[in-house]
Amino acid sequence: MNTLDEMVDGHGGFRPHWRPLLAALGQLGREVLTERAQQLDRAFAEEGMTSLLPGPVSAPAAWRCDPIPLILDPAEFDSLAEGLAQRAALLERVLRDVYGPQHLLAEGALPPALVYANPAFLRACRHPAGHAGPLLQSYAADLLRGPDGRWRVLADRTAAPSGIAHALENRRAMARHIPEFARVTELRRLLPFFDIWQDALQRLAPAENPGVALLTPGHASPLWFEHVVLARELSCALVEGGDLTVRDGALYLKTLRGLQRVDVLLRRQDGRTIDPLEAEQNTLQGVAGLLDAARTGTVRIANDPGTGFAEAPALAAFLPALARRLLGEELRLPGAHTLWLGDPSARDQIGHGFDRWLVRSAVDGTVRSIRAGALSPADRHSLAQRILAAPGEYAVSEALDGSFTPCLSPEGLVPRPVMLRLFLVFDGQRWHALPGGLARTLAAPDPASGRRPRTALAKDVWVPAQDGLDILGPRSLSIAALPIRRGSGDLPSRVADNFFWLGRYLERLESAARLLRAGAARLARPSPTPREAVELKSLCACLARAELLDAETAQAGLAGIGTGALSRALLRAMREGGPVAGLLGQVSRLTELLRDRLTGEMHLALQRGLRQLRDALRGIAPARDAARELEQLDQTCALVLGFAATVAGLAAENMVRGGGRLFLDLGRRVERAQNVVAELARALDQPGAATQPARLEPGLRLALELRDSVITYRSRYLTVMQPAPVLDLVLADEGNPRGLAFQLRAARDTLADLAGEAESSLVTLAEQLLEETRDMVREVAASPAQAEAAIRLLPRLKAMEGAVAALSDRVSRRYFALLPAPQSLGHGSSTGRLRGAA
């Protein structure tokens, strides 16, 4: 039976630093602890934390945090920190030589086969004359406690060490949901480490007030959450390759205001894809000319793109000798015993019996290791033949059985093997260790491979505070006074684009719910009146335009037949897999893209609302009773409208009026303006209404209903229904937040806030559209035959719809694509609805 090695001292007693936690566990009890663990799971699910640890995997593992932390003795942690600092310094020296004079290669201390065959060795990063500043600025190591009680390094993480954000979020979640633990033990704090890191990044740049950015592959990366948290904690911009450009040998961020200098780039993208001009593999990612800018010193990249070379598994076999050669010291923290099979003496050591070894790629740390002893005889023979054919491509390391730590399970506390990852950062003079880390327990008792399993459980890592221990923070940094800024021009164009389309899709979602609810309300009545039948025909036209009905069903509805088929079609539009679900998917995608730009409250509200709506759509099921189906539809539409109102309220109260909020609001105004004119045109398109004004009344009532303006109209005009008052409220009343004039005025004011010469034409266009709405209402009000005058507005309304689409297109060209306004030859304008994707 496995013992809890991390908890007991080997003499039948508990380690002293575990005793306060054990007392707290006894007070909480199993049921309460299980409930707190469920709260942790819900919190991580709601906040969208999905990936556990780095590594190229086809799908991210579900991230869970065990409520029982891993506790390290302070003296033991300090010893680990010193050993890892020495190891990081050694790897820095090795990297500087490999990418510099290459004395180690020339003198035989490193075999060339481990360098030039390494896919992470980037020839474009060679600096024969030396490299200014450190190549390694952050470092992490995976460790395992062996049977002798000593910690050993299983893997060095030098390219873009990840997992630190999860360690921070584990600590925050534990403090929030299990505060009893925090009261029994005072811990070393994590946040000073991020202050030191932020200060170190600032010091890498020679300029005052440097621009610092974190380069991410994008939201599709399984480590997107990590990048969002790091950018927030280090107060740097989160950027993708498309946000950056190299001009005149310097790196710039493309913003609405223009190009903004980037002096330091915190790299979280594979170094092999960072520059398509010099990459050694086909890639469309990265920034053309970035490596050249780094060579000239106009931008500092941390970590250097070539540092992934030091993650080669076979390098561990040479580190003890290199430590004596380069540092004049023995390694304080050894790794698992490793042999490079390209060395004949290493092959002699293992002979034919390599069952107790882990077989690994010599140079590629991303290749999963193989436990030879677990193979079938045939597979073991095949592996041996491959090694004999190309021994230099393989390394072997000792397969260690790690220590066990207590974890919560339905059966209570159970022992599981644990692996520890610790993180360090270099401040320019010395290495600092995060006083904690990220531990993960393995589903299968095979921790020695050094690879992240498909399923794992994370654990917070505690280092108890010591009396009298000095709290180290960043050194003072002289920074010039910052100029006051209140504009929105520093927003990256990609981010502005995403906010704009988030606003548009939110409005499309709300409009779809209003249309479906209006249709369900009419179909739920036993026998619709002639007026309601006319309204239903107009609704079918609006539903078809919004792509909520297929053409065949819409035509049947326009003909006034097939109400049963129409009812089923409305239900399909709202169910999972329908167009409403598609709109929810777009909102969810854009929410993730903007995660680093949304406040915690707003992101949480969006996530909860989207999850609730997704569950509601999945819960809609065909029923024998048509009335029950329509009731489900109505209730789900109400949820959608409530969600849209919540997001609008949060944006109004939580977001500064500038930057993202301007474009979020602009997107909603443009989409709503198009919906107003399109739906009004279809409501007024009533055959025979010019000669029989009463036929126009159902369309007028529908126009008021879709704009949520029935009560306002009734309070002003009682029950009298006339075209001019209706059109004034829907089109020209600037005080009606559902009307066209309100949207155009808001769009005009937003464009004016984005002050600049290039925007003046957009402001003018919005003002012209606003004046056109006033003219249309004035003409109808002045006509003795208002119904006939209203019908004559149909071509102008359709032209207005196209003009609003053109305004949207010009906004996109100006702010998102950064293109000049198109020049047209001839006459005419597009009147089609802008249906593009973000």
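Strand 16 and strand 17 form a hairpin, with four residues between them. Gly 428 sits in that turn and has a positive phi of about 105 degrees. I note that the model is predicted.

Next I looked up the pairing in this hairpin. Strand 17 covers residues 431-433 and runs antiparallel to strand 16, with three bridges joining the two. I checked Val 425 and found His 432 in strand 17 as its bridge partner.

Then I went to the other hairpin. Which strand does a hairpin join to strand 16 through two residues? It is strand 15. Strand 15 spans residues 404-409 and pairs with strand 16 in the antiparallel sense, over six bridges. Here I found Leu 408 opposite Leu 413 of strand 16.

I also followed strand 2, residues 138-145. Strand 2 pairs antiparallel with strand 16 over six bridges. Ala 140 stands opposite Phe 423 in strand 16.

Is strand 16 largely enclosed or open? I looked at burial along residues 412-426. Eleven of the 15 residues of strand 16 are buried, so the strand is largely enclosed by the rest of the structure.

Last, I turned to helix 21, residues 660-684, and picked out Glu 671 there. Is Glu 671 buried or exposed? I count Glu 671 as buried because its relative accessible area is 0%, and the cut-off for buried is under 20%. I then looked for a side-chain partner. The side chain of Glu 671 makes a polar contact with the side chain of Arg 508, at 3.0 Å.

Technical notes: Residues numbered from 1 in each chain as written. Predicted model: local features only at pLDDT ≥ 70, side-chain atom pairs only at ≥ 80, totals over all residues. Heavy atoms only, no water. Buried < 20%, exposed > 50% of the residue type's maximum accessible area, 1.4 Å probe, protein only. Polar contact = N/O pair within 3.5 Å; in protein donor to acceptor, adjacent residues only side chain to side chain. Pairing = 2+ DSSP bridges.
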